[in-house]
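Subject: Structure for your review

Dear colleague,

Please find the structure below, together with its sequence. My findings on its charged pairs and on one helix packing follow.

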Amino acid sequence: MEKNLRHWAIDIGNTRIKSGVFLNGKLLETKSFTDLLSFQAYFRPKEGEQVIMVSVKWNENELKEIFNIPFLYFDHNTPLPIFNAYASPGSLGLDRLAAVVGGRALKSEGPVLCIDLGTCITYDFLDGENKYQGGAISPGVALRARSMHEFTARLPLVHLTTGENIPITGKDTVSCMQSGIFHGVAGEMKAYIRYYREAFGQVYVFICGGDAEIFESLIKDHIFVIPNLVLYGLDRILTYNVEK
């Protein structure tokens with residue numbers, strides 16, 4: 001593979017397009033767009049630069065028509081630098097797979113646990129032998145808040161923007177709900193981290209996703225908040241396929 005050529009990692013979701021520009025595995029720039037036209041005005045790969053795309057919105061042929069450039073389309077048939085031991089690989093979210101590859105890109109050895117704090121919270125475990133073993137899925141922060149509001153008669157809709165200064169013991173309904181959400185998620189995360197470390201020894205933990213920064217207070221030894229972990233994974237998958 002030619003060195004010093006930039007890579008573009010493009011993650012196209014239902015509402016946002018996230019883009020990362022990499023050079024030799026280092027993230028140089030990341031941007032997020034809410035509409036295709038704005039992204040197309042920004043997205044100008046130079047000759048020889050490699051591109052990887054993943055999308056829940058458009059398939060490979062549709063993306064080829066939209067962008068009219070060569071790129072690697074990431075799907076369940078794309079060769080990976082890890083072994084996927086998931087029992088139903090075709091049903092596995094590609095963002096989950098990219099996240100654990102991103103964790104491996106940042107930590108080349110040892111077990112890795114990736115926690116993605118999005119609409120749902122996903123826990124994904126890659127063992128020390130580079131085998132993706134699976135994980136868990138639970139409701140995310142906003143989903144917990146909405147479910148309490150929508151499935152009860154009197155509880156309000158609450159929001160969390162930070163995890164700082166949320167007491168264990170709430171003094172009114174809103175603070176009680178905020179405590180339940182924040183400390184419930186934090187306790188759940190700590191329990192999973194503790195389980196994997198008791199079972200596998202030193203495990204590197206990466207926290208990513210839209211709500212990752214709310215839980216920055218959990219950062220301790222070998223726990224890292226990497227909001228763009230999926231983009232790191234896409235870049236590593238691209239590099240692996242270019243080098244093949």
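Lys64 has a relative accessibility of 40% and therefore counts as partly exposed. Its partner in a salt bridge is Glu60, and the closest N and O atoms of the two are 3.6 Å apart. Glu60 is likewise classed as partly exposed, because its relative accessibility is 29%. Both Glu60 and Lys64 belong to helix α2 (residues 60-67), where a spacing of four residues places them about one turn of the helix apart. Please note that the model is predicted.

The next pair is Arg96 and Asp124, a salt bridge in which the closest N and O atoms are 2.7 Å apart. Arg96 has a relative accessible area of 8%, which is under 20%, so Arg96 is buried. Asp124 also counts as buried, because its relative accessibility is 1%.

A further salt bridge joins the side chains of Glu49 and Arg6, at 3.0 Å from N to O. Here too, distant parts of the chain are linked: Glu49 lies in the loop between α1 (36-42) and β4 (50-55), whereas Arg6 lies in the segment before β1 (7-12), 43 residues apart. Glu49 is buried, with a relative accessible area of 13%. Arg6 has a relative accessibility of 26% and so counts as partly exposed.

I turn now to the helix packing. Two packed helices are described by the angle between their axes and the distance between the axes. For helix α4 (residues 141-150) and helix α5 (residues 173-200), the axes come within 10 Å and cross at roughly 140°. Because of that angle, α4 is oblique to α5; the limit for roughly antiparallel is over 145 degrees. The crossing of α4 past α5 is right-handed.

Which residues meet where α4 contacts α5? From α4 they are Val141, Arg144, Ala145 and Met148, and from α5 they are Met177, Ile181, Gly184, Val185 and Glu188. By class, the residues of this contact are six nonpolar, one polar and two charged.

Yours sincerely

Methods: Residues are numbered from 1 along each chain as its sequence is written. This is a predicted model: local features need pLDDT of at least 70, side-chain atom pairs count only at pLDDT 80 or more; totals for chains, interfaces and linings use all residues. Side-chain values use heavy atoms; hydrogens and water are left out. Axes are lines fitted to C-alpha atoms, for helices over the stretch in contact, and angles run from 0 to 180 degrees between N-to-C directions. Helices (H or I, at least four residues) and strands (E, at least two) are DSSP runs, numbered from the N terminus. Angles under 35 degrees count as roughly parallel, over 145 as roughly antiparallel, 65 to 115 as roughly perpendicular and the rest as oblique. A crossing is left-handed if the near helix is turned anticlockwise from the far one by less than a right angle, and right-handed if clockwise. Contact means heavy atoms within 4.5 Å. Ala, Val, Leu, Ile, Met, Phe, Trp, Tyr, Cys and Pro count as nonpolar, Asp, Glu, Lys and Arg as charged, and the others, Gly among them, as polar. A salt bridge is a side-chain nitrogen of Lys or Arg within 4 Å of a carboxyl oxygen of Asp or Glu. Buried means under 20% relative accessible area, exposed over 50%, partly exposed in between (1.4 Å probe, protein chains only).
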